[in-house]
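Work through the exercises below with the sequence and the model open side by side. Try each task before reading its solution.

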Amino acid sequence: MRIVAGKHRGRPLAGPEGWEVRPTSDRTREALFNMLSQGRIVERGEASPLVGARVLDAFAGTGALGLEALSRGAAHVTFMESQAAALATLRENVKALGEEANTTVLQADVLHPPRTGRACGLVLLDPPYNQGLGPLAIRALDEARWIGPNALVTVELIKTEPFTAPDGFEVLDERTYGKAKLIFLQRSSNESDGG
């Protein structure tokens, strides 16, 4: 695994060793961040949702998604992960890139997250495949105030896994890359306009 683009381009990331983690492939990560960098997903507004953003990388694993976001211009990333082995590798990767000042690492269950007072503008979700956790995670994170009013939410699933947007969110786009499916969501227009 490596950082695909940006200021840390080509830098290697430590990967999983003997624990149940499925990192996003470099190809899928590159496709995801190219779409985010070009700002083509967001319907309301033309700017990239990535540059200068506060980002949440939930089900963070090795931290590859959040670290790619930092490499490409995000201001701060909060990593949320529950497994101790994954957290050790994540912290190793953050330190190797010298990004400690721009990151927060939380040992927390994404389905039961702590409440926050600092909502994120970009939420990256890479839950375990075929467990239906995407919509549950979005709902839990929204209730805990992690998802800002105009935030963009991305979910990676295996391409055969069904997905229904939780109440208050709408799917903006869906793309398939190899075995993976990327879903881009935002709060429904009537939700963000009405409060």
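**Exercise 1.** Which residue in strand 3 does Phe79 stand opposite?

*Solution.* Phe79 stands opposite Val105. Before going on, note that this is a predicted model, where local features need pLDDT of at least 70, side-chain atom pairs count only at pLDDT 80 or more, and totals for chains, interfaces and linings use all residues. Residues are numbered from 1 along each chain as its sequence is written, and side-chain values use heavy atoms, leaving out hydrogens and water.

**Exercise 2.** Is strand 2 buried or exposed?

*Solution.* Buried means under 20% relative accessible area, exposed over 50%, partly exposed in between (1.4 Å probe, protein chains only). Six of the six residues in strand 2 (residues 76–81) are buried, so the rest of the structure largely encloses it. His76, Thr78 and Met80 point one way; Val77, Phe79 and Glu81 point the other.

**Exercise 3.** Locate Glu161 and find what its side chain reaches.

*Solution.* Glu161 lies in the loop between strand 5 (147–158) and strand 6 (169–177). Glu161 is buried, at 4% relative accessible area. Its side chain reaches the backbone nitrogen of Gly132 at 3.1 Å.

Definitions and conventions: Helices (H or I, at least four residues) and strands (E, at least two) are DSSP runs, numbered from the N terminus. A polar contact is a pair of N or O atoms within 3.5 Å; within protein, one must be able to donate a hydrogen and the other to accept it, and residues adjacent in sequence count only if both atoms are side-chain atoms. Two strands pair if DSSP finds at least two bridges between them.
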